[in-house]
Every structure is written in C-alpha cells, then in structure tokens.
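Colleague: Could you walk me through this one? I would like to start with the loops and then move on to the rest.

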Amino acid sequence: MSAPALEVRALVAGYVPELDILRGVSLEVREHEIVTVLGPNGAGKSTLMKTIAGLVPMRAGTIRLFGTDLPGVAAHRMVRHGLAYVPQVGNVFARLSIEENLAIGACARTDRAAIEEDLARMYALFPRLGERRRQPAGTLSGGERQMVAVARALMARPRVLMLDEPSAGLSPLMVGTLFAKVREVREVRETGLSILVVEQNARAALAVSDRGYVLAEGRERITGDAHALLADPEVGELYLGARRALA
Amino acid sequence: MIAQYAADGIVLGATLALGAIGLTLTYNILRFANFAHGEFLTFGAYFALVFAALFAGGQTLGPLTFGWGFLEAVAAAVVLTGLLALVLDRLLFRALRRSDVTVTLVIASFGASLMLRNVVVFVWGSRPEYYSREIAVRSELLPGVFMSADEVFVIGLTALAMLALALFLSRTRLGRAMRAVSDDPALARVSGIDVQAVIRWTWLIGGGLAAVAGALFGLTVQISPEMGFNMILPMFAAAILGGVGSIQGAVLGGLVIGLAQALSVPLIGAAYKPAVAFALMFLILLFYPRGILGGRT
C-alpha cells in the first residue's frame, strides 16, 4: 500500500486556550482517494480542516502531507506543498471576476502556458463559469460560487483538496451535480488527486466517496468503507436520518 | 467668477484625490483608518524640498516654475515616504494588528500623526516653505478662468497617476493580489497569497502616492508642518464619499470635496470652508450609504 497523502495523528486543537475542539483525531487520506468526514454540528469537522490548513493552531499530534510535517508551514505556503482548501463560507473573492478568482488560485505558479491550459480545463469542467468569466463572483448563485471556489483551488494543481461542506445552502439537484463534479475532478488529474470532504449532507457525499469517518466530540468514532457506512445502522440512525441534513 | 473658483477646486480636488487613494487603499487592505496618512503628505512635501535643493539648477521646463530636478526630487520623495510608511507599520501598526480591536490602531495612528508632525517642526521649523521663488503666471485658459502652468501640470500628473494605479490593480499579479486581500484576507492566505508582502506593498504605494500629493500641494499652495493634518479630514471625506475601497470613488470624492470647498468661498464665505466638506459628505451618505461608487457589498 502506498503512503498516505494526508495523515493526521492524535490531533488536538481549539480556538481559545483550554477549550479543545479536536481531542485526538486521527485519520488518513490515501493517494487518489475521496474521503468524507461526517458528524453532527459542533463535532469539529470545520475545525479539523482549518487546523490542517494552518488557520487554527494545533496543540498536540501530527499532520503530515506526503511525509512533510505541516505545522511548520505558513498558511499561505500550504498551496506550494500541494494542499488546497475550500472554506465553507466566504470561499470566493466576491469583487473579483471569475477569471481573476481562478488566476489567484494559480498565484504560486509560474508556468504560464500550463496555467492557461488549466484555465481552459476548468471552463470545460464547469461550462457555466466560462460563459461568465468576466462577471464578479459575488453576483453568482450559491452553486456557481461553489464551482468557482473548487476551480480556484484546483488551479493550484494541488495533490490534496479539502472541501468544507461544499453542499451547504445548495438545492438537492445542485448537490448531486456538485458531487458528480468532485468525482470528475479526481479523474481529470493524472497525478492522483486526493480529496477530503467534510459534510453534513452525508448521504450524497458518501455516495461518491471511497471511505468515511464519523467525527463526534472531537474524535473519530466510526471508520470504514463508504458503502459500509451507508449501510451501517448506527451511522444511518445518527447521521443519515431522513432529511436531517440542510438540503 | 464662479468658473475660476471651480478651476481652483479642481486643482485642490486633484491633490485630495491622490491622498484619498492612498487612504482608501490602506483602509481597505489593512482595515483601519490611518490618521497618520496626512503626515505622509507632509513628509513627502518636505522630502521633495530637501531633494529639490540637492538637484537644483538647470532650466525650468517651459512655462512651469520648476525643472527636471524637481521631478527627480518628487520621485526620490515617493520612495522615501513609502519607506517611512513601511517603517511606521513595522514599528507600530504591525504589533497592534494582532489585537482585534481596530480602534487601538486608529488611536495609535492619531498618536503617530502628532509625533510625525512634531518631527517635521523639529527638523524643518514651522515657517512655511516654497519649492520656488518664481512667480507662477496665470493665463486665461478659458473665458474667465485663469490657471498657471503648474496647476495644469498638477491636474495632468494626478490623472496619469490614477490611470497607472488603475492599470496596476487590474492587470498585474500584485495588483490582483492586493484586491484579493482587500476582498477577503483569510481566503487570500489559504489561496497562497503572501498577505504580509501585500501589506508591505500597500504601504509603499499608499505612502508614495501621498508624497506626490504633498509635493503637488506644496507646488500650488505652500509647504508647512500642518499641511497634511489640514488635509486628512477632507481626504477621509473624499474616500468615504466615493465609497471606501474604490479608487474611482476616491478620485470622484476628491474632486467633489475640492470643488465644494472652493465654491463655498464665494457662496457662503471662507470661514465655513472646512465644514462644507462634511456637510456634503453627510448629505451624500444619506442617499448613498455606501458612498457614490461603493454600492457592492
């Protein structure tokens, strides 16, 4: 088995002193894998992503990206190490055009020709964005913004992509489209992009994932194959309950 | 007669606009109202004075009261003032930025403004200075409108600086990064933008533009330790009026405030000049709460 793309071990982190949101989470994302983290509100799903992205300081544990220790890396350098992160809210530059948003995604790169190529690739993947490339991202619908955010992150040519609740606020139809795109995105990249998704809309996310983790009270509680989790009665009762999710 | 006051207002407005651009830029990216920005104008004017003396000699350019030496002096003042802004940020604002209370920064900038003004008085004295003893001859450009070549130059250079800045912000990587940071600093950081570097460039550019504004004010009016302080409130009014964060808004705001101040002299008397800027700002904000060009969220 190949080394994990992203490896989190016994991670402890929180925003204010002495209040740990994450209390020893461990998880891994292998190369070319889509992994979903689900769990109730307040389980620490978003905090987990922010900590990996370097926005929340960690207190204990390790985070490794292809064997490199991440905590020593400044947040804005993460992209250069191959980690791209799409926050849950405020994930587009509202006053910049779609094209400028995507260009920002590539700001750490210098290979101009390849950037142009990737830009064309994004417009092929998300045709709606190509049609509106000069439009400010703030004028787009929720689903279109989500696509801008994902495309912006992909423009960095990451090896690991982290999506924080990409389905929040989207219509059920849009959620389906989005996750289909997430799956498509992985196939686009020859190098083997790995994707970590945090979701409340667990059913839709698990359907396109390889594996899943259930997070509760700052720890991973249940781990397994995505299909097994979908079938697991405990998971089903707690986290996949009928229309519990926002959608 | 009114036309003459309007022409004077445009010259003053051009200077205010240049200052207001720097203010709106730093406000938008650093998220605090920097009251020391006026002193950047003052220092810019005095730096240019020092260099103008060093680069003195040579012919004056056509009908202008200055020669190439003055332009070189302004260029040097731009660099030096930009560095001054950078040093001030390093010594004072950077440490305070870590606290979430923005009012700390605003008050600190007020203190910095006072200190810098005193440094000017200490170094250069409090007597007004001029770049040139030459008399700027005004000729009748339009019926009833007299302007000197210097004043026309001020308007032209301001227009050029604004155009260059607009192109820089929309066409270059750094300009785009600056707009991204102003839009959402946290997202900019996780997108791979070095926010600290962008902040440094913002100070350099904002300080540089203030130096140009200060030198141009010194050219058409006079250089004094209070010049920047006297202009800081009209500059804020201009930036807010136009919509904070908008370059075009700052320019428009500068012109509106400049015109209003100049026109208030014949209409309601010179004593009310400073109040007019604010009366106008309040009035416009009642109808455009985000400023004239600041409509977007």
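**Loops, sheet and rings**

Modeller: A:Glu18 lies in the loop between strand E1 (4-13) and E2 of chain A, and please keep in mind throughout that this is a predicted model.

Colleague: OK, and is A:Glu18 buried or exposed?

Modeller: A:Glu18 is exposed, its relative accessible area being 81%.

Colleague: Which side chain does A:Glu33 make a polar contact with?

Modeller: The side chain of A:Glu33 is joined to that of A:Arg211 by a polar contact of 2.7 Å. Leaving aside residues up to four places away in sequence, A:Glu33 touches several others, including A:Glu28, A:Arg186, A:Leu193 and A:Asp210.

Colleague: Changing topic, what is the strand order in the open sheet of chain A?

Modeller: The open sheet has 6 strands in the order E6-E7-E8-E3-E9-E10 (chain A), and the pairing is mixed. Strand E6 (83-86) and strand E10 (219-225) of chain A stand at the edges with a single partner strand each, so one side of each has no neighbour in the sheet. From one strand to the next, the twist averages 15°.

Colleague: How many bridges hold E9 to E10 in chain A?

Modeller: Strand E9 (residues 211-216) of chain A is joined to E10(A) by 6 bridges, and the two run antiparallel. Within E10(A), A:Gly224 is the residue that stands opposite A:Gly212.

Colleague: And which strands does helix H1 of chain A lie across?

Modeller: Helix H1 (residues 45-52) of chain A lies across E3, E6, strand E7 (160-164), strand E8 (194-199) and E9 of chain A, and it runs at about 145° to E8(A). Helix H5 (residues 142-154) of chain A lies across E6 and E7 of chain A, running at about 170° to E6(A).

Colleague: Now the rings, how many aromatic pairs are there over all chains?

Modeller: The count comes to 14 aromatic pairs over all chains. One of them is the edge-to-face pair of B:Phe47 and B:Trp124, at 6.4 Å centre to centre and with 80° between the planes. B:Phe47 lies in helix H2 (residues 37-54) of chain B and B:Trp124 in helix H4 (residues 102-124) of chain B, so this pair ties together parts that are 77 residues apart in sequence. B:Phe47 is buried at 14% relative accessible area, whereas B:Trp124, at 21%, counts as partly exposed.

Colleague: What about B:Phe66 and B:Phe70, how are those planes arranged?

Modeller: B:Phe66 and B:Phe70 form a tilted pair, 4.9 Å centre to centre with 50° between the planes, and both residues are buried.

Colleague: Last one, which arginine has its charged end over the ring of B:Phe229?

Modeller: That is B:Arg117, whose charged end sits 3.9 Å from the centre of the B:Phe229 ring. In chain A, A:Arg159 lies over the face of A:Phe66, at 3.6 Å from the ring centre.

How values were computed. Residues are numbered from 1 along each chain as its sequence is written. Chains are lettered from A and ligands numbered from 1 in the order in which they are written. This is a predicted model: local features need pLDDT of at least 70, side-chain atom pairs count only at pLDDT 80 or more; totals for chains, interfaces and linings use all residues. Side-chain values use heavy atoms; hydrogens and water are left out. A polar contact is a pair of N or O atoms within 3.5 Å; within protein, one must be able to donate a hydrogen and the other to accept it, and residues adjacent in sequence count only if both atoms are side-chain atoms. Contact means heavy atoms within 4.5 Å. Rings of Phe, Tyr and Trp (its six-membered ring) pair if their centres lie within 6.5 Å; planes under 30 degrees apart count as stacked, over 60 as edge-to-face and the rest as tilted. Helices (H or I, at least four residues) and strands (E, at least two) are DSSP runs, numbered from the N terminus. Buried means under 20% relative accessible area, exposed over 50%, partly exposed in between (1.4 Å probe, protein chains only). A charge sits over a ring if NZ of Lys or CZ of Arg is within 6 Å of the ring centre and within 35 degrees of the ring normal. Two strands pair if DSSP finds at least two bridges between them. Axes are lines fitted to C-alpha atoms, for helices over the stretch in contact, and angles run from 0 to 180 degrees between N-to-C directions.
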